[in-house]
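Good morning, and thank you for coming. I shall present one protein chain, beginning with the display and then moving through its parts in turn.

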Amino acid sequence: EVSDKDPDKRMELELLEETGYTGKLKKIAAIPLSPYGTRVNHVYYAYDCKKVAEQDLDETEFIEVKLFEKEEMKQLLIEAQSPSCTQGLLAWEWMIKDGVISA
């Protein structure tokens with residue numbers, strides 16, 4: 001069991017369990033969930049990913065992995081077609097800044 005106190009290890013495990021992929025991870029932010037609390041949303045992006053296993057979802061998780069071309073992904077984020085668009089746009093900008101993708 002990986003502790004919630006180690007977000008890097010938790011993210012590695014969640015990426016594998018929820019998608020079946022592993023990859024290089026870069027943490028780009030820890031965004032407070034509320035100005036009145038101490039909980040944060042750790043934001044990462046993954047790159048150089050490889051499918052190494054099948055998904056291993058909990059009973060309450062319903063995650064469908066979809067692969068998109070770069071322009072499709074950019075449009076999905078810009079049009080807010082995902083509940084994680086804020087984090088996705090932040091990751092997108094960091095991937096451009098880090099040279100992982102081109103603008």
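Predicted model: local features only at pLDDT ≥ 70, side-chain atom pairs only at ≥ 80, totals over all residues.

Let me begin with a term: a polar contact is a pair of N or O atoms within 3.5 Å; within protein, one atom must be able to donate a hydrogen and the other to accept it, and residues adjacent in sequence count only if both atoms are side-chain atoms. With that term in place, consider Thr-19, whose side chain reaches the backbone nitrogen of Tyr-21 at 3.0 Å. The side chain of Thr-19 also reaches the backbone oxygen of Leu-15, at 2.4 Å.

Residues are numbered from 1 along each chain as its sequence is written, and side-chain values use heavy atoms, with hydrogens and water left out.

Now the overall picture. The chain has three helices and two strands, where helices (H or I, at least four residues) and strands (E, at least two) are DSSP runs, numbered from the N terminus. Read from the N terminus, the order of elements is α-β-β-α-α. Along the principal axes, the C-alpha atoms fill a box of roughly 40 × 40 × 25 Å.

How much of the chain is buried? Of the 103 residues, 19% are buried; here buried means under 20% relative accessible area, exposed means over 50%, and partly exposed lies in between, with a 1.4 Å probe and protein chains only. The chain exposes about 7800 Å², and carbon and sulfur atoms supply 53% of that area. These areas come from the Shrake-Rupley method with a 1.4 Å probe, and for residues only the protein chains shown count as cover.

Contact, in this talk, means heavy atoms within 4.5 Å. Among contacts between residues at least 6 apart in sequence, 48% join residues at least 24 apart.

I return to Thr-19, which has its place in helix α1, residues 7-19. Not counting residues up to four places away in sequence, Thr-19 touches Glu-14, Lys-51, Gln-55 and Val-65.

Is Tyr-21 buried or exposed? Tyr-21 is buried, because its relative accessible area is 18%. Neighbours within four places in sequence aside, Tyr-21 is in contact with several residues, among them Leu-15, Leu-16, Cys-49 and Leu-67. The C-alpha atoms of Tyr-21 and Cys-49 are separated by 6.1 Å, although these residues are 28 apart along the chain.

Thr-22 also lies in strand β1, which covers residues 21-32. Thr-22 counts as partly exposed, because its relative accessibility is 35%. With neighbours within four places in sequence left aside, its contacts include Asp-48, Cys-49 and Val-52.

That brings us to Asp-48, in strand β2, residues 40-51. Asp-48 has a phi near 50 degrees, a positive value in a residue other than glycine. At 47% relative accessibility, Asp-48 is partly exposed. Beyond residues up to four places away in sequence, Asp-48 touches Thr-22, Gly-23 and Lys-24. With the side chain of Lys-24, the side chain of Asp-48 makes a polar contact at 3.3 Å.

Where does Ala-80 lie? Ala-80 is in the loop between α2 (70-78) and α3 (85-97). Ala-80, too, is not a glycine, and it has a positive phi of about 55 degrees. Ala-80 is exposed, because its relative accessible area is 54%. The C-alpha atoms of Ala-80 and Thr-22 are separated by 26 Å, and the two residues are 58 apart along the chain.

Next, the cysteines. A disulfide is a covalent bond between the sulfur atoms of two cysteines. The rule used here asks for a pair of cysteine sulfur atoms within 2.5 Å, and by this rule the count is zero. Cys-49 is in no disulfide, and the nearest cysteine sulfur, that of Cys-85, is 19 Å away. Cys-49 is partly exposed, with a relative accessible area of 35%, whereas Cys-85 is buried at 7%.

Finally, charge. The chain has 13 positive and 21 negative side chains, and the centres of the two sets lie 7 Å apart. Lys and Arg count as positive and Asp and Glu as negative, while His and the chain ends are not counted. The place of a charge is taken as NZ of Lys, CZ of Arg, CG of Asp or CD of Glu.
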